[in-house]
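The sequence and structure come first.

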Amino acid sequence: MPELPEVQTVVSDLNKKIVGDTITDFWSDWPKTIKDANSGKPASSADKFKKEIKSRKILKVRRIGKNIFIDLAGNPHYLERGKKTIYIHLKMTGHLLVKTAKTKNNYFNERVNQYIHHIWKLKTKNKKLKTLEFSDLRKFGKIVLVDTDKLEELKEIKELGIDVMDNKFTFQKFDEILEKKSAYGRSAYGGKKIRDILMNQHIIAGIGNIYLSEILFDAGIMPTSLTWKLSFQVRKKLYNSIRKILEKAIKLRGTSDSDYRDTSGAPGKFQKVLKVYQHEGQKCLKCDTIIKRVKMGQRSVFYCSKCQK
Ligand SMILES: [Zn+2]
């Protein structure tokens, strides 16, 4: 599943490629992906979605956690003129591709980029045509049209913890989170495993299982360590590993261990530098101990029992 570095790569690409363009049309062969903002159920009509986004100009693309927002200007031809935002979640296998008439790109011919279920037709200022296409093999992706000023009232956005790449996510903030006291004055998370705190999107938004494994290996911490047992120095090391691994992953344009591709259909490069994720049964690059895997819920965490304490 795309995690924060992959979503950040898509958002940066889209800001370079589609801002200033106007939506001229929309096509979908799987309208169930288009959800109603309030109920979260499939929207009553894809035609309404199309009508509401048509003729609007793309102002900006941004993200909160793993949620992508395409902000649109008011519509001069439509009764409801307020600003709207197209909210997209890529889920398991979704990725967004931008194609122009001039695009000659072999990546688009690859199988992984062929599951196009939604197409936004765009026109540039110079009247050149372009498409934004949503490839989604498993069809778990989500598209929602929201009033821009009501976006942060959406339940799934409101409930998100602090974004791990936000400037406000300082070491002090991280330490406060780990030290958080419950209503009874006890430590709220002290008895919890550190992997569960880092993966809980309501506490800290943006870390998924790929980067969780890499971060904990980098910091030398066992995924099952209890939060209260981590010393100040270890917490500091963990914070630095979070920033270091995610920044490196963004620089390498994410991890393509399965379906994730960037907006030109190309894979990321971080899978080439993974140290423990999906390395089960292989030797640790640092100490030759065999890498192990532990299941947490539906997901796996990979670790070295010698390098991580
Ligand atoms: Zn090791």
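## Sheet

Two strands count as paired if DSSP finds at least two bridges between them. In this predicted model, strands β4 (residues 67-72) and β5 (residues 84-89) are joined by five bridges and pair in the antiparallel sense. D71 stands opposite T85 in β5.

Both strands belong to an open sheet of five strands with mixed pairing, ordered β2-β9-β5-β4-β3. Its edges are β2 (34-35) and β3 (58-64), each of which pairs on one side only. Strands of a sheet pair through backbone hydrogen bonds, either parallel or antiparallel. Helix α1 (residues 4-17) lies across β3 and β4, and runs at about 170 degrees to β3.

## Nonpolar core

The largest nonpolar core contains 64 residues. I86, V164, I207, Y211, L212 and I215 have the most contacts inside this core. Helix α6 (residues 209-219) gives the most to the core, contributing seven residues. Domain 1 (4-154) and domain 2 (162-303) each supply at least three residues to the core.

## Helix α6

How many of the 11 residues of α6 are buried? The count is 10, and the helix is mostly covered. The buried residues are I210, Y211, L212, S213, E214, I215, L216, F217, D218 and A219. Their cover includes α5 (194-199), α7 (232-251) and β13 (299-303).

Leaving aside residues up to four places away in sequence, I215 touches I207, S241, I242 and I245. After α6 comes G220, which has a positive phi near 70 degrees.

Note on methods
Residues numbered from 1 in each chain as written. Predicted model: local features only at pLDDT ≥ 70, side-chain atom pairs only at ≥ 80, totals over all residues. Helix = DSSP H or I, 4+ residues; strand = E, 2+ residues; numbered from the N terminus. Contact = placed C-beta atoms within 7 Å. Axes fitted to C-alpha atoms, helices over the stretch in contact; angles between N-to-C directions. Core = buried A, V, L, I, M, F, W, Y, C linked by C-beta atoms within 7 Å. Buried ≥ 20, exposed ≤ 12 C-beta atoms within 10 Å, placed from the backbone. Domains from an automatic or database assignment.
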